[in-house]
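Hi everyone, thanks for making time. Let me put the structure up on the screen, and then we can walk through it together.

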Amino acid sequence: MRVELFFSPAVRDRVREVPLGSTADCQLLASGHTRVCLTVGGWKELVPWILGWGGEVEVLGPPDLRTHIAAAHRKGQALYG
């Protein structure tokens, strides 16, 4: 399964320090954003890691992971208003 993440320029250096494994494709874009594509067996193990980046990362795919992360952020927003 392919997971695609889009990181803000604010965390560019931190993302480059993370050991993402041999299947990762990490691209620094002209905008300063970092696009990371990972091939994984399943995305559930990635959820806490992705949520740890807060609003500095957008899940581009797969759609079910994007939906799951968005729901988690909405739940947090409801708690903190």
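**A walk through the sheet and the core**

Let's start at a turn: E2 and E3 make a hairpin with five residues between them, and Gly32 in that turn has a positive phi of about 95°. A quick word on names: helices (H or I, at least four residues) and strands (E, at least two) are DSSP runs, numbered from the N terminus.

Before going on, please keep in mind that this is a predicted model, where local features need pLDDT of at least 70, side-chain atom pairs count only at pLDDT 80 or more, and totals for chains, interfaces and linings use all residues. Residues are numbered from 1 along each chain as its sequence is written, and side-chain values use heavy atoms, with hydrogens and water left out.

E2 and E3 run antiparallel and are joined by four bridges; two strands count as paired if DSSP finds at least two bridges between them. Leu28 stands opposite Thr34 in E3.

So what is the order of the strands in the open sheet? Reading across, it is E2-E3-E1-E4, four strands with antiparallel pairing. Strand E2 (25-28) and strand E4 (57-61) are at the edges with a single partner strand each, so one side of each has no neighbour in the sheet. On average, neighbouring strands are turned by 20° against each other, direction ignored; here axes are lines fitted to C-alpha atoms, for helices over the stretch in contact, and angles run from 0 to 180 degrees between N-to-C directions.

Now look at strand E1, residues 2-7. Six bridges join E1 to antiparallel E3, where Leu38 is the bridge partner of Val3. E1 also pairs with E4 in the antiparallel sense, over four bridges, and there Phe7 has Val57 as its bridge partner.

Helix H3, residues 63-80, lies across E1 and E4 and runs at about 150° to E4.

Is strand E3 (residues 34-39) mostly covered or mostly open? Mostly covered: five of its six residues are buried, meaning under 20% relative accessible area with a 1.4 Å probe, protein chains only.

Of its 17 residues, Val3, Leu5, Phe7, Ile50 and Leu65 touch the most other members. E1, E3, helix H2 (47-51), E4 and H3 each supply at least two residues, and the largest share, three residues, comes from E1.

Finally, find Ile50: not counting residues up to four places away in sequence, Ile50 touches Leu5, Val57, Val59, Leu65 and Ile69, with contact meaning heavy atoms within 4.5 Å.

How values were computed
Buried means under 20% relative accessible area, exposed over 50%, partly exposed in between (1.4 Å probe, protein chains only). A nonpolar core is a set of buried Ala, Val, Leu, Ile, Met, Phe, Trp, Tyr and Cys residues joined through side-chain atoms within 4.5 Å.
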